Amino acid sequence: FILLRRRTWLYPTDQEVREYQFRMVRGALFANTLVCLPTGLGKTLIAAVVILNFYRWFPDGKLVFTAPTKPLVEQQHRACLEKTHIPKGETTVLTAGRAKRGDEAGSAAAESRRELWSSRRVFFCTPQILDNDIANGVCPRDKLVLIVVDECHRVTGNAAPVAALTELRRTGLAVRVVGLSATPGKNAEAVQEVVRHLGVSRVEFRSDEDPDVSPHVHNKQVRLGGWEVGG
């Protein structure tokens with residue numbers, strides 16, 4: 001039954017099916033992928049559909065969606081629940097303890113997250129939490145099957161989750177990685193660094209001028225106002 005599920009994949013049809021999103025999902029399901037789309041054109045839907053299918057394919061697997069700030073983590077959690085209908089009890093937003101690592105409050109927070117890693121399947125957190133939980137052994141790394149990295153243009157230098165991704169590759173664990181960004185880098189070198197850190201083999205790039213995207217771009221209205229400047 002599980003093998004049969006892995007031979008098929010789902011795509012939501014209860015909303016407009018956009019060809020570019022469909023193609024990006026199909027690519028990201030089977031290769032580590034950098035998804036580059038202008039803001040407002042559906043990167044979260046792409047990530048949510050990939051999450052839904054890995055949730056079906058790997059009943060014992062752990063799936064992670066990272067975003068750079070707590071408000072954005074919570075926003076993506078709500079959006080993915082709405083788009084995938086994965087039971088809320090199977091998901092969680094991981095939060096860090098306020099105290100420094102090593103003291104009682106920090107240890108309590110880590111232990112609480114250890115329990116969540118054991119009981120839940122889909123996790124939403126900042127990259128720093130993923131880095132820390134893998135480094136500390138709180139995250140069961142051998143069960144990770146998917147990591148989505150939102151705002152992945154930040155994945156440069158030693159920024160989180162570079163350490164987590166590097167450690168997973170070092171230990172030979174096969175984890176699907178999907179990066180999301182509207183602006184993957186200011187130049188070719190910056191983009192290549194992101195590609196290297198994420199370990200992606202596929203880049204899906206669309207601008208708002210591409211023929212399969214432009215029909216879905218809303219016209220922007222700019223209002224100009226004038227004011228008198230006193231002499």
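Select helix α2 (residues 19–30) together with helix α3 (residues 43–57): their axes come within 9 Å and cross at roughly 40 degrees. Because of this angle, α2 is oblique to α3. Angles under 35 degrees count as roughly parallel, over 145 as roughly antiparallel, 65 to 115 as roughly perpendicular, and the rest as oblique. Axes are lines fitted to C-alpha atoms, for helices over the stretch in contact, with angles from 0 to 180 degrees between N-to-C directions. Helices are DSSP runs (H or I, at least four residues), numbered from the N terminus.

The model is predicted: local features need pLDDT of at least 70 and side-chain atom pairs pLDDT 80 or more, whereas totals for chains, interfaces and linings use all residues. Residues are numbered from 1 along each chain as its sequence is written, and side-chain values use heavy atoms, without hydrogens or water.

Next, display the side chains between the two helices. Residues of α2, including Met 24 and Phe 30, meet residues of α3, among them Val 49 and Trp 57 (contact means heavy atoms within 4.5 Å). The residues of this contact comprise eleven nonpolar, two polar and no charged.

Then select Cys 125, which is buried at a relative accessible area of 0% (buried means under 20%, exposed over 50%, partly exposed in between, with a 1.4 Å probe and protein chains only). Its closest cysteine sulfur, in Cys 139, is 8.6 Å from its own, too far for a bond.

Finally, select Cys 152, also buried at 0%. The sulfur of Cys 152 is 6.5 Å from the closest cysteine sulfur, in Cys 36, again too far for a bond. The count is zero disulfides (pairs of cysteine sulfur atoms within 2.5 Å).

Key:
Ala, Val, Leu, Ile, Met, Phe, Trp, Tyr, Cys and Pro count as nonpolar, Asp, Glu, Lys and Arg as charged, and the others, Gly among them, as polar.
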